Amino acid sequence: MRQFTPILKKELKDYFISPMAYIVTSTFLIVTGWFFFSTFFLYNQADLRNFFTLLPIIFSFVIPAISMRLFSEEFNLGSYELLLTLPVSHADVIMGKFAAGVAMTGAMLLPTIAYPISISLIGDLDWGPVIGGYIGALLLGGTFSAVGLFASAVTRNQIIAFIIGAAICFTLTLIDKMLFFFPETVVSIIEYMGADFHFRNISKGIIDSRDILYFFSVMFIALYATYLSLLKKK
Amino acid sequence: MIHVENLTRYYDGFCAVDGISLEIHRGEVLGLLGPNGAGKTTTLKMLTGYLRPSSGSIHVKELDITQNPIEIKRMIGYLPESSPFYKNMLVYDYLDYVAKIRQIPPNDRYPRIKHLADLCGLKEVMHKTIGELSKGLNQRVGLAHAMMNDPEILVLDEPTQGLDPNQIVEIRNIIKKIGQEKTIIFSTHILSEAEATCNRIVIIHRGRIVADGDTEALKQSAGKEAVVFISLLNVGIEEVEQALSRIEGIEKIEKIDSTDNSLLSVTVHCKSSADLREAIYRKIKATDWVLMEFRQETKTLETIFRDLTRRINKED
């Protein structure tokens, strides 16, 4: 795992050298900013609940757009061959790229700190749910990044990678809203599979080990699936 | 140094490499020759640990490639076929990135990159993005990439492909220079190139080794029959056949198509390696033909290569 940092740095630099990072971040800020503040004054409540309710849906489109290039681009260019003939392990490559995706998500979330700060100036903001919300957002971002990375590792076409990634993230977000379609016996299992269900818990300010375990296990499954699909390419 | 045994690779049922065994020694410059699709690139990709062999084994200095891939990759510098680099990176940034991955200590990185830039002639383009570079410069970046940690083994896949004649000579000189102390394996389908740079040649065809040996030994071993090339003015093929077929030791006379109609070019194939030039010359001198060209054809790698690959095609 010693070769992980140069890969992380290179991928992160790539985001900020190209217009990619700026386009994605500004799109994200415009969308969240509009949906959040357009109704904020109608509710007349000093909290960020609306922002965090929207986040999973917005993330399921934005994060696959960030992670779609991580492997697809390398397959398409052929540089993947160069990378793998350097003395690096699959774990280095996967973790380096995954960390770059998470770091990019963090960089995208960073400007939104302006929302709670400006709200706390005009009203009495409870910081507990806000901090919980941001921890949850990072966990959710990490999970979706891992899913997006997997989608990127199965195809050399970035658009297909985006669609696969967005479809999986979207399903994870919405599955607990479709419970009435399922027989009662499996409802609690299906509900447990939903990313939004766990994210809602954390963003209320309740940090429960079950929710954290959920995010880490989905991350692990997606990263392991990435590893398997890379092995198949050999 | 490198021990390859029974190396086989299938792509979805298609057998690209079929039971190759090779022993490569330290300090050898080995040319891997073969027509397109012979399995050269696949073999090299397996040697560098990018592809996994379907069966067979590769050992580098007692290390097995499936068990110690990272240690082996540390010893090998690889230039892939089309030098696919990150197009949006600067040349310097890219080499720096490779230096970091190759774990070159921070203090040595800059001198090392500078040295490679001098060696590969990259000085003027260090600040350019790789995407802007011409094919030849791209290839040089690849060479610098491959030599970053001064590896003991260099694997180059068609290093001179797409270069202009001057650049080809330059790259060959670099290969020769490095080849004095390093083990180099490179693939090519240009025979003169292999002849000029290698001290050992392996010819593969349809995934199998059809010839393996010293460049000189290989040239001598292939075919003993001498061939004489004659070009004559204003004379028909029948007359020539009639006149020359009386010489003892001639097997057949073949006409060669030429663009110039007044010129008749023929090759005379002899039964043995005996030099029949004198006898042929005397025959021609006795006639009133005008002799435009007269030479003994030497066996080049080209002819060896053609003979070998054709023979196999016929056998199938």
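A residue is called buried here when its relative accessible area is under 20%, exposed when it is over 50%, and partly exposed in between (1.4 Å probe, protein chains only). The model described is a predicted one, in which local features need pLDDT of at least 70 and side-chain atom pairs count only at pLDDT 80 or more, while totals for chains, interfaces and linings use all residues. Residues are numbered from 1 along each chain as its sequence is written, chains are lettered from A and ligands numbered from 1 in the order in which they are written, and side-chain values use heavy atoms, with hydrogens and water left out.

Two salt bridges are counted between chain A and chain B, a salt bridge being a side-chain nitrogen of Lys or Arg within 4 Å of a carboxyl oxygen of Asp or Glu. A:Lys13 pairs in this way with B:Asp93, with 3.6 Å between the closest N and O atoms.

Helices (H or I, at least four residues) and strands (E, at least two) are DSSP runs, numbered from the N terminus.

Over all chains, the whole structure holds 26 salt bridges. Side chains of opposite charge can pair when their charged atoms come close. In chain B, B:Asp18 and B:Arg208 meet at 3.0 Å, N to O, in a salt bridge. B:Asp18 belongs to strand S2 (residues 14-24) and B:Arg208 to strand S10 (residues 208-214), so this pair ties together parts that are 190 residues apart in sequence. B:Asp18 is partly exposed, at 26% relative accessible area.

Another salt bridge links B:Lys100 to B:Asp96, at 3.5 Å between the closest N and O atoms. These residues stand four apart in helix H3 (residues 91-101) of chain B, which means that about one helical turn separates them. B:Lys100 is partly exposed at 28%, whereas B:Asp96 is buried at 15%.
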